[in-house]
Amino acid sequence: MEATTYIKRTHDGRITIKSGNKVERVMSGTLTVLTALTIMAFIFFDYTGLDLGEAFPATVYNLKTMFLEPTLSHFSWGEAFYQVGITLGLAFLATILGAVIAFFLALMAATNLSKEWVSKTIRIVVAFIRAVPTVLWVLIFAIAAGLGSEAAVLGMLFHSIAYLVKAFSESFEEVDQGILEALRATGANWWHIVTHAVLPSTFTYLLSWTFLRFEINFAVAVAMGAAAGAGGIGFELFMASGFYFDLREVGFITYMILVLAIVLEIMSTRLKNRYFPDSSAN
Amino acid sequence: MNEKVMRNQRKKQTIIFSVIIIVLTYLSANITGFNILHGIATLPEAIVWIFSNLYITQESLEKLPTILEKLIETILMSIAATTTATVVSIFLGLMGSKTTGTNGVMGVFARFIASVSRNIPVVAWALILLLSFGQNSVTGYLALFVGSVGFLTRAFIESIDEASLSAVEALRATGATYFQIVYKAVIPQCLPQMISWILFMIETNIRNATLVGILTGTGIGFSFDLYYKTLNYNAVALVTFSIVIAVIMIELISNHIRKVIL
C-alpha cells in the first residue's frame, strides 16, 4: 500500500506479478466460485430420511430388476406403442406449430430484415418466455385451458417458439447482405426478399434446427406426461413408478424411451454433420 | 428445357414434403386429441386468465423468504450436480476422444455410458432414484448429475477432438507421459470451450431442477407444486417470477464470462 509509487509490492518488498492475463483470471475465478458453491451445496443439502448405506444397494438392485427383467404388466404392447405415439404426437405438434410461428417472429427479430425496436422487443419477450421452465408453462396453461393435450401442446409450443426464434433469427442474420441489397435495388418488396432470398438460402438450416427441437421436444413431452399429466408414455412411466411400484414395467418403458431417443439422436447428428459441418455450439 | 425439368422436380419435392408434414400433423392431432381450433380459441382466454390471476400481491410477498430459500437450494443443487458431473465427464471425455483415448474398449464404454445417461430423460432418472433415495435433495441432485454426465461427456469429447493434434504430438516427442500431455496440451486448449459448456449445463439444470423438484418434492419445484395445488395463484406468480429472474441473471453472468474467455 505505497501511496508514493504505483507499483504494488508484497509485504517483503517484492513486486507482485499477476500471473496470466484476464482470460486466465476469469477462468480460474469461475472455477473457484463454482467449486466453492458446490461445497456449500453439499453442506446445505436437505438430507431428510436419507440412508446412503441403504439407498445405494437398493438403487443397484432396482436398476438390475429394471434393466434385466423388463416386462409389461398393466398394459399391452399395442397400448405401449399407442402411448409412445401420443408422446411423439405431442412433440410433433408443438414442434411444427412452433416452427411456423417462430418463422414469422424470427423474420421480425432478425436485425437485417426488421426495424430495430421490433427486433429488440421480440428478443426481450423471447428471453422472458425461455426463462420460465416448460413445465411451469404447461401447468399454468392447464389451469387456464383445462387439463389435456391443449395445455401440453400450448405450453411446449411457447418454449419451442422461444428456442426457434433465437435459432432462426441467427440463421437469417447470416444471409449475405449483398443478396438483400441486390433484390432491394430491383424494387422487390419485403415479402419478395423473404421468399426469394432469405428462405432458399436458409431452408436447410431451418429444417435442421426444427428437427433438433423435435428431439428436445420428445424428452420434454415425456417429462410433461409425468409431471403435468399430459398423457403419453411419460404418464405411464409416472404411474408405473409412483403408483404401482412396478420396477419391471418402469424398465420396459425406460427401454422404449431410450431406443426412440437414440434413434432421434442419430438422425439429428446426421443432419447436423451434413448441414453444420463446422459448428459445434448447441 | 433443363431448367423447366428441374423446376418441376423442385415443385414435386416441395409438394411431397408439405403433404408429409400435413399428414403427420393430422395424425398427431388425431392421436393426442388436440384440436387446433380449440387450441387457438383457448389461447386468448388463457392469456386473460394469466393476467387476471397471476400477479404478485402484498400477501404473497410475505412468502418471499421461504421461496428464496428454496430457490437458492435449487440453484446450489444445479451447480453441485454440474460441477461433480464435470469431474466425471472429463475422465469419460478423455477416454472417449480419439485424440486422447488409449484403448478402443474404454472409448466405446465411455460413449455408451454417455449415450445411455443422456437419452434416458431426467424425469425417468428422477422417478427411478426416488424409489430408493426418498424425498430429499440428494435424489434431485443425482437425477441432474446423471443427465449432466451424459451431456457433458458428449460435449467434452467433441471439444477434445477439435483440439489440435500438433501440441499433443510435440509433447509426445519430448517423451512426456500421458498425464503430462493431457494436463499441459489438451486441457489448456479445451478449457474455454469446457467452461462454456459447464455454464450452459448450469442454465439447463436450473430449468430441469424445477421439473425434478415437482416430481421429487424438493427445492423450488416443490414450492411451486404446493402453491399450485392449494390454488394460491399469487404465490405461484411469485415463484415463477423469482425463477425467471434467477435464470435471466445466471444467463447474463455466463454470457459475460463467455464473452471474455471465448
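## Helix angles and the model

Angles under 35 degrees count as roughly parallel, over 145 as roughly antiparallel, 65 to 115 as roughly perpendicular and the rest as oblique. They run from 0 to 180 degrees between N-to-C directions, and axes are lines fitted to C-alpha atoms, for helices over the stretch in contact.

This is a predicted model, in which local features need pLDDT of at least 70, side-chain atom pairs count only at pLDDT 80 or more, and totals for chains, interfaces and linings use all residues. Residues are numbered from 1 along each chain as its sequence is written, while chains are lettered from A and ligands numbered from 1 in the order in which they are written.

## Confidence

The complex has a predicted ipTM of 0.80 and a pTM of 0.82. Chain B has an average pLDDT of 85, with 100% of the residues at 70 or above. pLDDT is the predictor's confidence in each residue, from 0 to 100.

## Interface of chains A and B

Contact joins 65 residues of chain A to 63 residues of chain B. Two residues are in contact if their C-beta atoms, placed from the backbone, lie within 7 Å. On the chain A side, helix 1 (residues 22-44) gives the largest share, 13 residues. Helices (H or I, at least four residues) and strands (E, at least two) are DSSP runs, numbered from the N terminus.

The chain A side holds 46 nonpolar, 15 polar and four charged residues. Ala, Val, Leu, Ile, Met, Phe, Trp, Tyr, Cys and Pro count as nonpolar, Asp, Glu, Lys and Arg as charged, and the others, Gly among them, as polar.

## Helix packing in chain A

Helix 3 (residues 77-109) of chain A packs on helix 9 (residues 233-242) of chain A at about 125°, with axes 7 Å apart. The two helices are therefore oblique to each other. Helix 3 of chain A contributes Q83(A), V84(A) and T87(A); helix 9 of chain A contributes I233(A), G234(A) and E236(A). By class, this contact has two nonpolar, three polar and one charged residues.

Helix 5 (residues 134-145) of chain A meets helix 6 (residues 149-173) of chain A at about 140°, with axes 8 Å apart. That makes helix 5 of chain A oblique to helix 6 of chain A. Residues of this contact include W137(A) and F141(A) from helix 5 of chain A, and L154(A) and F158(A) from helix 6 of chain A. The contact has ten nonpolar, three polar and one charged residues.

## Chain B

Chain B is divided into domain 1 (2-53) and domain 2 (58-261), with bounds from an automatic or database domain assignment. The C-alpha centres of these domains lie 34 Å apart.

Helix 6 (residues 122-133) of chain B packs on helix 7 (residues 137-162) of chain B at about 140°, with axes 9 Å apart. They are therefore oblique to each other. Among the contact residues are W125(B) and F133(B) in helix 6 of chain B, and L142(B) and V146(B) in helix 7 of chain B. This contact has eleven nonpolar, three polar and no charged residues.
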